[in-house]
Amino acid sequence: MIGKEQIDAYFADKEGLLVEAVSRLVSIDSVEGAPAPGAPFGPGPAAALREALAIAREWGLAAQDHEGYVGTADLNGGEDALHILGHLDVVAPGDGWTVTQPYTPKLADGLLYGRGTDDDKGPVAASLLAMKAVKELGVPLAKNCKLIMGTNEESGSGDIAWYFARHPYAPATFSPDSGFPVINTEKGNIRPAGSENGKPRPIFTRSWPAQSELPRVNWLHGGIRGNVLPGDASAGVEGLTMYDIQPVARDITARTGIKFTFAHENGVTVIRAKGEASHAAYPEGGNNAITGLISLLCALPLADGGCKDALHDLNALIPHGDCKGRALGIAQQEPIAGPLTVAFSLLEVTETGLEGFFDSRVPLCATEENCLNVAKAAFEGKGFTFEAVQGAPHHVPADSPFIKTLLGRYEEYTGLKGECLSTGGGTYVHDIPGGVAFGCTLPGFDTHLHGADERVRVSDLMLSAKLFAHVILDLCG
């Protein structure tokens, strides 16, 4: 019987190997791109998948590319007893990186920096190392552990839907796509009701006739993707100089913390708002540049017209700092999943209309009647079109034997109390029966998820690899 002592001994000299593997993956820009044959989510995710499969083969694992949607690594050819789900695509890097550039991994003071170190390339590498350990420790396995490496988690998880439409679920599944101890509850969400040209539709829109009266907003751009609370937004204002706007901006900065810079370009005053990006599931951890910019525009002496009216209505529906949906009338919470959250994440304004997107994570108590329909009525009551659907939450009972196994090994290896947690972030197992999130970050550490200077503690990844190796032995040995 293999115990903790033998596993600790195996991993004693493996830190450099793990850091090298993570760095190889992080060096690849794997943001979603235009689809191509064998690369359904673009060349970047496909390149990262090829590299991950190469690492798996170098480490003695059977690896297969499933038409570019996912790659798999297997310990043996038996029946699957355990699936581990990780992903190789990443969100766009955004601005504000200071320690290193997004795709130039850097190790400093025990922290490895770079886009994907935490979400989710580091955990994928730790999972591969755990499987390598089990193989090289020579323990006979009755059943198989399969690592499924996806390429579309950040943009809808179409990769996993494709895979499981063709392959069965395993009796047990975990994803190292969040944190320790175990996340067994994930909030539901309000999301777009479809897509156009491969992109999610806007949730709300509004149009108006072009106007000639000054001052006016000519355009506004904010956000990089729907599940990121934006740290940057900009707008072009005609008919006001930066000297007209600066005194108002100082007041808004004092109230919101959003900082503004100005430039004169082609007869238009360009306002750039700088906040702090965060994962949209945790909007209280950032400072929304879109809502801060709207606050400023609403304080300016703009000429009456459709754009001014629409901005004031948005300011009333999702005001700066309202991360709980109070103004929309949908604020609610319950003990297991916690409070509902709202993040105004995307907005495009032209001379004749706007389209926007907010990301809302909803607790177990939220229904279409007390949530989606209320938000829809609030937007439509102010003249916006509104089209969205409400996704169901995910919950696995805390007393299942699988969760007890995970928590038992977690307590053994960390000395910390094991417990079940909930999250507003949708992990890779949100639609997997019985699936939970497990790893790879210990409580209390900020990885800068989806933000600048994303990082992971190498010691956390090493601990995760040990834990995963022992769980594989528990469930497959």
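Predicted model: local features only at pLDDT ≥ 70, side-chain atom pairs only at ≥ 80, totals over all residues.
# Reading contacts, sheets, helices and cores

Trainee: Where does G231 lie, and is G231 buried or exposed?

Mentor: Helices (H or I, at least four residues) and strands (E, at least two) are DSSP runs, numbered from the N terminus. G231 lies in the loop between strand 14 (228-229) and strand 15 (232-238). Buried means under 20% relative accessible area, exposed over 50%, and partly exposed in between, with a 1.4 Å probe and protein chains only. G231 has 7% relative accessibility and therefore counts as buried.

Trainee: Which residues does I432 contact, leaving aside its neighbours within four places in sequence?

Mentor: With those neighbours left aside, the contacts of I432 are L85, I160, F164, Y169, T173 and H394. I432 belongs to the loop between strand 26 (420-423) and strand 27 (436-437), and at a relative accessible area of 3% I432 is buried. I432 and F445 are 13 residues apart in sequence, yet 27 Å apart in space, C-alpha to C-alpha.

Trainee: In what order do the three strands of the open sheet stand?

Mentor: Two strands pair if DSSP finds at least two bridges between them. Here the order is 4-5-28, with antiparallel pairing. Strand 4 (106-108) and strand 28 (455-457) are the edges; each has a single partner strand, so one side of each is left without a neighbour in the sheet. The twist averages 25° from one strand to the next. Strand 4 is joined to strand 5 (residues 111-113) by three bridges, and A108 stands opposite L111 in strand 5.

Trainee: Which residues of helix 8 are buried?

Mentor: An α-helix has 3.6 residues a turn, so residues three or four places apart point the same way. In helix 8 the buried residues are C307, A310, L311, D313, L314 and L317. Seen down the axis of helix 8, they fall within an arc of 160°, so they line one face of the helix; the arc is that of the directions from the helix axis to the C-beta atoms. Their packing partners include helix 7 (289-299) and helix 9 (368-380).

Trainee: Why is helix 4 described as largely enclosed by the rest of the structure?

Mentor: The description applies because 14 of the 17 residues of helix 4 are buried. Just after helix 4, G138 takes a positive phi of about 75°.

Trainee: Which residues touch the most other members of the largest nonpolar core?

Mentor: In soluble globular proteins, nonpolar side chains tend to be buried together. A nonpolar core is a set of buried Ala, Val, Leu, Ile, Met, Phe, Trp, Tyr and Cys residues joined through side-chain atoms within 4.5 Å. Of the 67 residues in the largest one, F11, L82, L128, M149, F174, F438 and I472 touch the most other members. Helix 11 gives the most to this core, with twelve residues. A second, separate core of 53 residues includes V237, I258, I290 and F344.

Note on methods:
Residues numbered from 1 in each chain as written. Heavy atoms only, no water. Axes fitted to C-alpha atoms, helices over the stretch in contact; angles between N-to-C directions. Contact = heavy atoms within 4.5 Å.
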